[in-house]
Amino acid sequence: MYTYPTYDLRGNVAVVTGAGRGLGKWIALALANAGADVLVVALHRETAEQTCAEIRALGRRSRALAADVSDEKAVEAMMAAAEADLGRLDILVNNAGVNVHKTALDVTPADFARVVDVNQKGVFFCSQAAAKRMIPRGGGKIINIASSVAFLVRAGIPNSVYAMTKAGIVMLTKALAEEWARFNINVNAVAPGYFSTPLVEDRIKDEQMYRTIVSSTPLGRVGRPEDIMGGVVFLASAASSYITGQTICIDGGRTVL
């Protein structure tokens, strides 16, 4: 007899950061579609509420929360809210991220601090706060959003600080996976390539930049919502229970060149 893998997330509660728009919104909706109840976290409450409403329309419970993941107190409050309002915490998706589209010579100390605080500090302390709640429950799933720029650079697309933070997420994913494996917590990451999201909207709209992006992507297009949804639902589900410490590139083949 076989135990066939399941992608059913019914009975699970997920926290998704940066879920007001773009990748985070798509991920939150995908988890809800698979059966999870979702705490939607965004910097602005209005966008969080919009995602929340779409999740409720799918028949799932959801709560919206405005929070800055670089604020440790806000992080603790969001994890407490998941337990208090939705009953438990099984899945964390660390999606919140920022970037500054400047060359390395133009990056200011304030730019640097903001990108590092959100992209690295936020991921670490969200993971820590979630793990403290997952351990007594016997385990959980943490999914970090890295980026293809953790593995490569492209001429003419400045990304120094952002790339540094995302490369750090790949190694943090491995380190936390090793530490928390004994608690039955799987820690993995996905590394998206270019998706049509607000974070890269300016680059997608630039005709020359768009041609550069597509020409360096073997599948010849930018990502669609469903392209990120499947990978994250898989990592959140029981089907991935023997996978930890890994980063899956969802990039149209960009990192093979």
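The side chain of Ser-127 reaches the backbone oxygen of Val-123 at 2.8 Å. This is a predicted model, in which local features need pLDDT of at least 70 and side-chain atom pairs count only at pLDDT 80 or more, while totals for chains, interfaces and linings use all residues. Residues are numbered from 1 along each chain as its sequence is written, and side-chain values use heavy atoms, with hydrogens and water left out.

Ser-127 is found in helix α4; helices (H or I, at least four residues) and strands (E, at least two) are DSSP runs, numbered from the N terminus. Ser-127 counts as buried because its relative accessibility is 0%. Buried means under 20% relative accessible area, exposed over 50%, and partly exposed in between, with a 1.4 Å probe and protein chains only. The side chain of Ser-127 also makes a polar contact of 3.0 Å with the side chain of Asn-94. A polar contact is a pair of N or O atoms within 3.5 Å; within protein, one must be able to donate a hydrogen and the other to accept it, and residues adjacent in sequence count only if both atoms are side-chain atoms.

Two residues can be set side by side by what they touch, where contact means heavy atoms within 4.5 Å.

| Residue | Touches, not counting residues up to four places away in sequence |
|---|---|
| Ser-127 | Leu-92, Asn-94, Ile-142, Asn-144, Leu-176 and Trp-180 |
| Glu-54 | Lys-25 and Leu-29 |

Glu-54 lies in helix α2 (residues 45-57). With a relative accessible area of 34%, Glu-54 is partly exposed. Its C-alpha atom is separated by 12 Å from that of Arg-21, 33 residues apart along the chain.

Helix α4 (residues 109-137) packs with helix α3 (residues 72-86) at an angle of about 35 degrees, the axes being 9 Å apart. Axes are lines fitted to C-alpha atoms, for helices over the stretch in contact, and angles run from 0 to 180 degrees between N-to-C directions. On the α3 side the contact is made by Glu-72, Val-75, Glu-76, Met-78, Met-79, Ala-80 and Glu-83, and on the α4 side by Lys-121, Phe-125, Cys-126, Ala-129, Ala-130 and Arg-133.

In helix α8 (residues 225-236), 12 residues reach 17 Å from the first C-alpha to the last, close to the 16 Å expected at 1.5 Å a residue; the expected span is 1.5 Å times one less than the number of residues. Its buried residues are Ile-228, Gly-231, Val-232, Val-233, Leu-235 and Ala-236. These pack against α1 (22-33), β4 (91-94), β5 (140-145), β6 (185-192) and β7 (247-250).
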